[in-house]
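Subject: Structure for you to look at

Hello,

Here is the structure I said I would pass on. Please open it next to this message and find each residue as you read.

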Amino acid sequence: MRNYEDTYRHKGLRKKLIDILKEKGITDSKVLSAMNSIPRHFFLDSALDEIAYEDRAFSIDEGQTISQPYTVAYQTQLLQIKPNDKILEIGTGSIYQATVLAEMGAKVFTIERQKKLFDNTKDFILKSNYTNLKFFYGDGFEGLPTYAPFDKILITAAAPFIPPKLIEQLKIGGKMIIPLDEEQHQRMLRITKNDDGSSSEEAFENFSFVPMLSGRNSKA
Ligand code: SAH
């Protein structure tokens, strides 16, 4: 069950969440304004309606999670999105992160390996608002060669290594944000593809994500 009413109370809670994100160091006003305009409770069961605007992750179907708002804001800020950027997201999950990217004017291609979560995207309530958002059922390690190259790639699950096919599908000058597995946590990296095809890395904070798994799970 979902509650698709966006009341003044929801809007007020959302504004408070945005203030928390600012306090935690998110400065990109385009990221903050996109998150201020998207009703996060639309992406969660109505039982979570009251707490949807807390800065925390929640469980969704198939043992997966909707990322914590701070994590969404952090990854999005690192992507340095420009309107019309062509972006590949790995791990559609609840569709919240993909919606933030689409709200910022990017052309978004998002892949999910869990059939059930992919099937849920067919009923996405905000679909007609975001014609720049496209859903795919597939394995993120393979990327989307048909639609490559991308300006940006965003991985929203804990990657065991930097997927070589995703580097191939990045434009020269393009950037990929990837939470790369270390022992107890993931280190957020920004990888830039250089003119000569090599790539350079910048390291940021540690986070905790569900694992990026290979192959598709066809359980509907
Ligand atoms: N971006 C999501 C976060 C979901 S959690 C959101 O905003 O809600 C990470 C998601 O990545 C899970 O749904 C998981 O099933 C998916 N995932 C993990 N490995 C994947 C892979 N190889 N390809 C595509 N999706 C993958």
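This is a predicted model: local features need pLDDT of at least 70, side-chain atom pairs count only at pLDDT 80 or more; totals for chains, interfaces and linings use all residues.

Residues are numbered from 1 along each chain as its sequence is written, and side-chain values use heavy atoms, with hydrogens and water left out.

The ligand

The ligand sits in the largest pocket. A pocket here is an open set of points on a 1 Å grid over the protein atoms alone, where a 1.4 Å probe fits and protein lies on both sides within 12 Å along at least five of seven lines. To sit in a pocket, a molecule needs more than half of its atoms within 2 Å of the pocket's grid points.

There are 27 residues around the ligand, and Gly91, Ser94, Glu112, Gly140 and Leu213 come nearest. A residue counts as near if one of its heavy atoms lies within 4 Å of the molecule. By class, this shell has 11 nonpolar, 12 polar and four charged residues. Nonpolar means Ala, Val, Leu, Ile, Met, Phe, Trp, Tyr, Cys and Pro, charged means Asp, Glu, Lys and Arg, and the others, Gly among them, are polar. Strands S2 (65–66), S3 (86–90) and S4 (107–112) and helix H4 (96–103) each supply at least two residues of the shell. Helices (H or I, at least four residues) and strands (E, at least two) are DSSP runs, numbered from the N terminus.

Which polar atoms lie close to the ligand, taking a polar contact as a pair of N or O atoms within 3.5 Å? A polar side-chain atom of Ser94 is 2.6 Å from an oxygen atom of the ligand. For Asp139, a side-chain N or O atom is 3.0 Å from a ligand nitrogen. Gly140 uses its backbone, with an N or O atom 2.7 Å from a nitrogen atom of the ligand. The protein covers 99% of the 580 Å² of accessible area that the ligand has on its own (Shrake-Rupley method, 1.4 Å probe).

Gly140 is in the loop between strand S5 (133–137) and strand S6 (150–155). Its relative accessibility is 7%, so Gly140 counts as buried. Buried means under 20% relative accessible area, exposed over 50%, and partly exposed in between (1.4 Å probe, protein chains only). Gln97, in helix H4, is also buried, with a relative accessible area of 7%.

Helix H3

Helix H3 (residues 69–79) is largely enclosed by the rest of the structure, because 10 of its 11 residues are buried. Among them are Pro69, Tyr70, Val72 and Leu79.

Backbone details

Most residues other than glycine have a negative phi, and most peptide bonds are trans. H3 is followed by Gln80, a residue other than glycine with a positive phi near 50 degrees. Gln80 lies in the loop between H3 and S3 and is partly exposed, at 40% relative accessibility. Asn84 lies in the loop between H3 and S3 and has a positive phi of about 75 degrees, although it is not a glycine. Asn84 is exposed, with a relative accessible area of 52%.

The peptide bond from Ala148 to Pro149 is cis, with omega near 0 degrees. Pro149 is in the loop between S5 and S6.

Regards

Terms used. A polar contact is a pair of N or O atoms within 3.5 Å; within protein, one must be able to donate a hydrogen and the other to accept it, and residues adjacent in sequence count only if both atoms are side-chain atoms. On a 1 Å grid over the protein atoms alone, a cavity is a set of points where a 1.4 Å probe fits but cannot get out, and a pocket is an open set with protein on both sides within 12 Å along at least five of seven lines; lining residues have an atom within 4 Å of a point.
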